[in-house]
Amino acid sequence: MANPLYDALFGRHAGSDAPFLYVPTGQVITYAGFLGVAARYAHVFGTCGLIPGDRVAVQVEKSPDALALYAACVQAGLVFLPLNPAYTAAEVNYFVNNSGARLLVCDPSQHAAFGPIAAKANARLETMDGSGQGSLRILAAEQPATFETVERTSDDLAAFLYTSGTTGRSKGAMLSQGNLLSNAETLVKHWQFVENDVLLHALPIFHTHGLFVATNVILLSGGAMIFMPKLDVDHLVKFMPRATCMMGVPTFYTRLLDHPGFTAESTAHMRLFISGSAPLLADTHRAFEERTGKSILERYGMTETNMNTSNPYNGPRRAGTVGQPLPGVELKITNADTGEILPHGEIGVIEVRGPNVFQGYWQMPEKTAAELREDGFFITGDLGLIDDQGYVQIVGRGKDLIISGGYNIYPKEIELILDDQSGVLESAVIAVPHGDLGEAPVALLVRGTQEPDLDAITAILTKQLARYKCPRKLIVVDSLPRNTMGKVQKNVLRDAHADAFKI
Ligand code: MLC
Ligand code: AMP
């Protein structure tokens, strides 16, 4: 039976003894071994009562078994919903309820905290730790290592990825099999991936970059990954001699450049370094080229669209640009107010259309309609221009968004909590340049009649929000600058606090 995504990424490797995952501890997982594990999990999903189309929320540490849950969902026709392990119980509660997930897989350490969440949402709760152990593995051990793949079409949903919004409410971006497969096919061709490739994989697998870009491209080309639990630059340097290519957010590259072992010799055999998810500073691009003689290939994408543009594989990879639209992707720059197309060289909103563009936000038709035009163009909210050589340059964001080490932080989500605290009249959360993370959030709190208790506020933020979203500094002020329309001038605040993290 046909299941386009499973057949292309996984099914084609049935019975293959070729290596798929090299784990830093020394274990080598073949394609056949991986598919057997995935098939067992697909059976477990059935015994849990899940039926095709159901959502499976997964908040676990990165591991080969965690990745097998993705394959199992695709094979069983379920919708994979990966979640950052940094999310708090409050955040997970929202995702489970909003998505209507029927199964939540969490770390065993969260079992007690998530019990009531799962019970209230009528979802089953199972566990998996960073080495793949847990209740799910015990159930899987009793199951056969083959599973009859559930029939799907390209239009069926394969994954939900939650992305925060400017209103502070997260939205589930619905990605179909066709969205994921078409992008993977394009990227394999464009970046010339082949079965001899070995990718250094140190990204998380709960976001587009580590899951759909890196993993799907390797699966489709039949290559292998050195699958690291998280970024450890010593490990990157150590394992680089065994790799042919790497993908990372800009922080990966700035940290590599700070490592004395990262030299031209250590990269001599590498064919490709790709960066994305956040702007790669032109300085980093140049420093990398000076050190290694290699030019980082920068590309641009997002949760809702997978990859949209890329610098060329052959041809100039220009610092400060994200390259040209990928084959099959249409990109235009429009006037934010009128939607009218702007000529090359003029700055406007980036809009994209193609088979990569998602199906809308889960059960949020108004938000979908506001960002996805009827003619299929998605309004990205990024501001950019197309230069005279046809390269896209991202010059800013129309949306109020902070990108810290490749993670998106929406100020509104934090401001809503801060505004509720005693002693805080109102607040503004801004992006401030940060040497390691690119940007980091800083909160300005306007004092009310009493002085805000910063320790108490920090404790509340930490309880409700993932740590990476918590402002690195809280600054108490008398008022916020506003324009004549009464809107807070975040640009003024950003300029005033630009040096907050300068040493
Ligand atoms: C970790 N911390 C962060 C952070 N990552 N804070 C802000 N921003 C981040 N990105 C905090 C933790 O909460 C913790 O705080 C402390 O830093 C140490 O945690 P860690 O896990 O040891 O950090 P580290 O390993 O150094 O992680 C940094 C990082 C990681 C940059 C390697 O964040 C990362 O892998 N980022 C990649 C994100 C990504 O894949 N984005 C792709 C999105 S898809 P405390 O207070 O507890 O000490 C997308 C589409 C596209 O955007 O185009 O690709
Ligand atoms: P996410 O919602 O996590 O998928 O983040 C997508 C956002 O990351 C985009 O809308 C851009 O703002 C940003 N982004 C991704 N790649 C790049 C890049 N190469 N340069 C600048 N910004 C990028």
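Guide: A strand here is a DSSP run of E with at least two residues, and a helix is a run of H or I with at least four, both numbered from the N terminus. The model under discussion is predicted.

Visitor: In which strand is Lys171 found?

Guide: Lys171 belongs to strand S8, which covers residues 171-176.

Visitor: Is Lys171 buried or exposed?

Guide: Lys171 counts as buried, because its relative accessibility is 6% and the limit for that class is under 20%.

Visitor: Which side chain joins Lys171 in a polar contact?

Guide: That of Glu371; the contact between the two side chains is 3.1 Å.

Visitor: Let us turn to ligand 2. Which residues come nearest to ligand 2?

Guide: There are 16 residues around ligand 2, and Arg299, Thr303, Asp382, Lys399 and Asn408 come nearest.

Visitor: What lies 2.6 Å from an oxygen atom of ligand 2?

Guide: A backbone N or O atom of Thr303 does. For Asn408, a polar side-chain atom lies 2.8 Å from an oxygen atom of the ligand. Ser277 has a polar backbone atom 3.1 Å from a nitrogen atom of ligand 2.

Visitor: How much of the accessible area of ligand 2 does the protein cover?

Guide: On its own, ligand 2 has 500 Å² of accessible area, and the protein covers 93% of it.

Visitor: Which elements give two or more residues to that shell?

Guide: These are strand S13 (297-302) and strand S19 (392-397). S13 supplies the largest share, with five residues.

Visitor: How do the shell residues divide into nonpolar, polar and charged?

Guide: Seven are nonpolar, four are polar and five are charged.

Visitor: A change of topic. How many salt bridges does a search of the whole structure find?

Guide: The search finds 20 salt bridges. One of them pairs Arg137 with Asp65, with the closest N and O atoms 3.2 Å apart.

Visitor: Why does that pair tie together separate parts of the sequence?

Guide: Arg137 sits in helix H6 (residues 135-141) and Asp65 in helix H3 (residues 64-76), so the bridge connects parts that are 72 residues apart in sequence.

Visitor: And is Asp65 buried or exposed?

Guide: Asp65 is buried, at a relative accessible area of 10%. Arg137, by contrast, counts as partly exposed at 28%.

Visitor: Which residue forms a salt bridge with Arg318?

Guide: Asp387 does, with 2.8 Å between the closest N and O atoms. The two residues are 69 residues apart: Arg318 is in the loop between strand S14 (306-310) and strand S15 (324-325), and Asp387 is in the loop between strand S18 (378-386) and S19. Arg318 is partly exposed, with a relative accessible area of 22%, whereas Asp387 counts as buried at 6%.

Visitor: What is the salt-bridge partner of Arg397?

Guide: The partner is Glu439, and the closest N and O atoms are 3.2 Å apart. Arg397 lies in strand S19 and Glu439 in strand S23 (residues 438-447), so the pair ties together parts that are 42 residues apart in sequence. Arg397 counts as partly exposed at 23% relative accessibility.

Visitor: Which residues do salt bridges with shared partners join into one network?

Guide: That network consists of Glu91, Glu413 and Lys469.

Visitor: Now the aromatic rings. How many aromatic pairs does the structure hold?

Guide: The structure holds 21 aromatic pairs. Among them is the tilted pair of Phe160 and Trp362, at 5.0 Å centre to centre and 50 degrees between the planes.

Visitor: Where in the chain are Phe160 and Trp362?

Guide: Phe160 is in strand S7 (residues 157-163), and Trp362 is in the loop between strand S17 (348-353) and helix H13 (365-371), 202 residues apart. Phe160 is buried, with a relative accessible area of 0%; Trp362 also counts as buried, at 15%.

Visitor: Why is the pair of Phe273 and Phe288 called edge-to-face?

Guide: The ring planes stand at 70 degrees, with the centres 4.9 Å apart, so the pair is edge-to-face; that class requires an angle over 60 degrees. Phe273 lies in strand S12 (residues 272-275) and Phe288 in helix H12 (residues 282-292), so the contact ties together parts that are 15 residues apart in sequence. Both Phe273 and Phe288 are buried.

Visitor: Finally, which residues form one aromatic cluster?

Guide: One cluster is formed by Tyr6, Phe10, Phe20, Tyr31, Phe34, Tyr70, Phe80 and Phe212.

Methods
Residues numbered from 1 in each chain as written. Chains lettered and ligands numbered in written order. Predicted model: local features only at pLDDT ≥ 70, side-chain atom pairs only at ≥ 80, totals over all residues. Heavy atoms only, no water. Near = heavy atom within 4 Å. Polar contact = N/O pair within 3.5 Å; in protein donor to acceptor, adjacent residues only side chain to side chain. Areas by Shrake-Rupley, 256 points an atom, 1.4 Å probe, with all protein chains shown as cover. Nonpolar A, V, L, I, M, F, W, Y, C, P; charged D, E, K, R; others polar. Salt bridge = Lys/Arg side-chain N within 4 Å of Asp/Glu carboxyl O. Buried < 20%, exposed > 50% of the residue type's maximum accessible area, 1.4 Å probe, protein only. Phe/Tyr/Trp six-rings, centres within 6.5 Å; stacked < 30°, edge-to-face > 60°.
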